[in-house]
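This briefing sets out what can be read from the model shown below, topic by topic. Please keep the structure open while reading, so that each residue can be located as it is named.

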Amino acid sequence: MILEIQNLHKVYNNGTHALKGVSFSVKEGEFLVVIGLSGSGKSTLLRSINRLIEPTSGTVRFLGKDITHIKGEELRKIKSQIGMVFQQFNLIKRRSVLSNVINGKLGSLGTFNSIIEKYSDEVYKEAYNCLDIVGIGDKAKVRSDSLSGGQQQRVAIARSLMQNPKLLLADEPVASLDPATSNSIMQYFERINKDFGTTVICNLHFLSLVRRYATRVIALKAGEIIYEGAPSDINEAWFKTIYGEEAEEVEIR
Amino acid sequence: MINNSEVDLFPQKIISDKKKKSDKLNLVKAVLLDIFFVFYSIVVVQRAIYLKYILEIRDLPFSWNQIFILFVASIFIGTAWALSRTSLSCKLFGIAKDNKTTKWTVEIFAWFLFDITFIAGWIVTKISIVSIFSGEGLAGAERLFGAMFRPEFGIFDDALFAMIETIYIALIATLISIPPTLILSFFTARNLMKDNKISFTIYYVLRIILNFIRSIEPLIWAIIFSVWVGIGPFAGMIALLVHTIASNAKLYSEAIEGIEEGPVEAISATGANKIQIVWHAVVPQIILPFLSFTIYRWDINVRMATIIGLVGGGGIGTMLMQYQGLARWHEVGLIILMIAFVVWIMDYISAKIREAIY
């Protein structure tokens, strides 16, 4: 098991009870998709895994190690092994694509060298390699905010690949992209999952994408897991339970 | 392992505890604010409006005993009012009862506070239409303006040099302020410092010190430093420097607080340390606002440097002070003309530069 989560609770300072006792585990090499309405706790769940936020109670085990409340150097080490891709790409806008990708390596670079931006040839080679994997090696010198949304998300994926992640988290990676681009971005995740054996946990909204890419699905509703199983088993009835009676499935291809 | 029932209770308890705690705190705040409101109204109505205006007493009698009695009275009224949950403060802190009584008292009392404040302000300022249009006053103003509109160009060379001195004072103060301001701004940005107790204390203490320094006008700093290092441009420069650091550290740190959190989150997720996060995620987002604030500050400093000269900070202000003391209004006219011209030019240039870099 690469990841084991047990009875996880998160209460924010404003009193919002975002996760209410979530438990599940993830095997190495899985492509796990988390679905659920906005505000169901999907983002909180992902951020509890790589400890961008600290859970209120419960445990998160990563590679057998309890990381629920670790701090400092130890936490940074764990973070550097878990890649993350965001809905809003979160690139540094005024910087080049290349330096954005190298940012993914910060966890294992010296503080001083990373500030004067003196990197070894290997780091550059690795960065170009990561850019080639997502097919934008030719854009390395371009300012990152001059790229299209899909291209920016590919840079973000390349950045997370720089970490050689054992686990890749994706928080609604295609929610601000058009359908065609969404599919191509999802294909990069699929390739990373299959070629490198990287475990992927991804928040998604569109069921057609879920059925196509997920090996397993978890559905959250109001901070609790209400469905866990194969993507093909989500039928009309389950869909209505997850998204509410009013919902109707929208197809994207 | 915590057993199940405990875990289930745990978050609900936190939520309800938090709510109770914040309600209690708000009530305390409301009581204190209501006491202040009541005390303020009584004092203003009694002293400024009743004694000073209606009874026209010039030198108000002052006794601590009387103030104390008024204060004790306000404590009782204010507390009772806040506890009844119908007061203005209760409404402000969101713990008021939702009924007609509250609505009426709040509305009436708010208007009452505004009105007495305005009336008291009018009385204290001694506003008098008569003195603007008195014959004697008008004649004096006419003499002065007449002289100023025929400026004396004989002192043009001296004034020019003094003006250049002023611009340099402002420039050097602005330039030297940059490095300390940069460093301070990171330590006074809430979003960077809130994470642990030690850094939050540093943040808090620095904020208080900077607020204190900023609340003292450059003019006062110039007086202090002209005693400290002697009258002249150096005193003026240090005065501007001190105030620039304190004000710009606030502006810079607000820029840091307003950055997009996303990139910070993303860099933090790669396992980068604090310094790397600041350098790679925060700094790229704030360089332009920093540059813009600094240029604008140079423009402000030129204006302030002219004023600071009045108390011995060197430059054109000192010169203005000398000629004004001698009542040589033609020369004063020239100096004011030059100041206005330079300020206008600086304003224009700094606006253009700021436009260009965005």
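In this predicted model, a network of salt bridges links Glu30(A), Arg216(A) and Glu228(A). Over all chains, the count of salt bridges comes to 20.

**Salt bridges within chain A**

- Arg95(A) and Glu117(A) form a salt bridge in which the closest N and O atoms are 3.2 Å apart. Arg95(A) lies in the loop between strand 6 (82-85) and helix 3 (97-102) of chain A, and Glu117(A) in the loop between helix 4 (111-115) and helix 5 (121-133), so the pair ties together parts that are 22 residues apart in sequence.
- Both partners of this pair are partly exposed, Arg95(A) with a relative accessible area of 21% and Glu117(A) with a relative accessibility of 30%.
- Within helix 7 (residues 179-195) of chain A, Lys194(A) and Glu190(A) lie four residues apart, about one turn of the helix, and they form a salt bridge whose closest N and O atoms are 3.3 Å apart. Lys194(A) is exposed, with a relative accessible area of 59%, whereas Glu190(A) is partly exposed at 23%.
- A salt bridge also joins the side chains of Arg191(A) and Asp195(A), at 3.5 Å from N to O. These two residues are separated by about one helical turn because they are four residues apart in helix 7 of chain A; Arg191(A) is partly exposed, with a relative accessible area of 42%.
- An α-helix has 3.6 residues a turn, so residues three or four places apart point the same way.

**Helix 5 of chain A**

- Helix 5 of chain A has 13 residues and reaches 18 Å from its first C-alpha to its last, which is close to the 18 Å expected at 1.5 Å a residue.
- The buried residues of helix 5 of chain A are Val123(A), Ala127(A), Cys130(A), Leu131(A) and Ile133(A). Because they cover an arc of only 155 degrees around the axis, they are on the same side of helix 5 of chain A.
- The face turned away from that buried side carries the exposed residues Asp121(A), Glu122(A), Lys125(A) and Asp132(A), while the cover over the buried residues includes helix 3, helix 6 (149-161) and helix 7 of chain A.
- Helix 5 of chain A is followed by Gly135(A), which has a positive phi near 70 degrees.

**Helix 10 of chain B**

- In helix 10 (residues 218-228) of chain B, the buried residues are Pro218(B), Trp221(B), Ala222(B), Phe225(B) and Ser226(B). The arc they cover around the axis is only 135 degrees, which puts them on the same side of helix 10 of chain B.
- Among the elements that cover these buried residues are helix 9 (197-215), helix 11 (233-257) and helix 13 (274-308) of chain B.

**Nonpolar cores**

- The largest nonpolar core holds 52 residues, of which Ile35(A), Val101(A), Ile157(A), Met186(A) and Phe189(A) touch the most other members. Apart from it lies another core, of 30 residues, which includes Leu52(A), Val60(A), Ile78(A) and Ile218(A).
- Leaving aside residues up to four places away in sequence, Met186(A) touches Phe31(A), Val174(A), Cys202(A), Leu204(A), Leu209(A) and Tyr213(A).

**Phe24(A) and its surroundings**

- Phe24(A) is found in strand 2 (residues 17-26) of chain A and is buried, with a relative accessible area of 5%.
- The residues that Phe24(A) touches, not counting those up to four places away in sequence, include Leu3(A), Ile5(A), Leu45(A), Ile218(A) and Glu228(A).
- Phe24(A) and Phe112(A) are 88 residues apart in sequence and, C-alpha to C-alpha, 40 Å apart in space.

**Contact between chain B and chain A**

- The contact takes 27 residues from chain B and 37 residues from chain A, and the area buried between the two chains is about 2,800 Å², of which carbon and sulfur atoms give 59%.
- On the side of chain B, Glu265(B), Thr270(B) and His280(B) lose the most area to chain A, together 20% of what that side buries.
- Two salt bridges are counted between chain B and chain A. Glu265(B) forms a salt bridge with Arg47(A), with the closest N and O atoms 2.5 Å apart.

Notes. Residues numbered from 1 in each chain as written. Chains lettered and ligands numbered in written order. Predicted model: local features only at pLDDT ≥ 70, side-chain atom pairs only at ≥ 80, totals over all residues. Heavy atoms only, no water. Buried < 20%, exposed > 50% of the residue type's maximum accessible area, 1.4 Å probe, protein only. Arc of directions from axis to C-beta. Contact = heavy atoms within 4.5 Å. Salt bridge = Lys/Arg side-chain N within 4 Å of Asp/Glu carboxyl O. Expected span 1.5 Å × (residues − 1). Core = buried A, V, L, I, M, F, W, Y, C linked by side-chain atoms within 4.5 Å. Buried area = accessible area lost by both parts, 1.4 Å probe.
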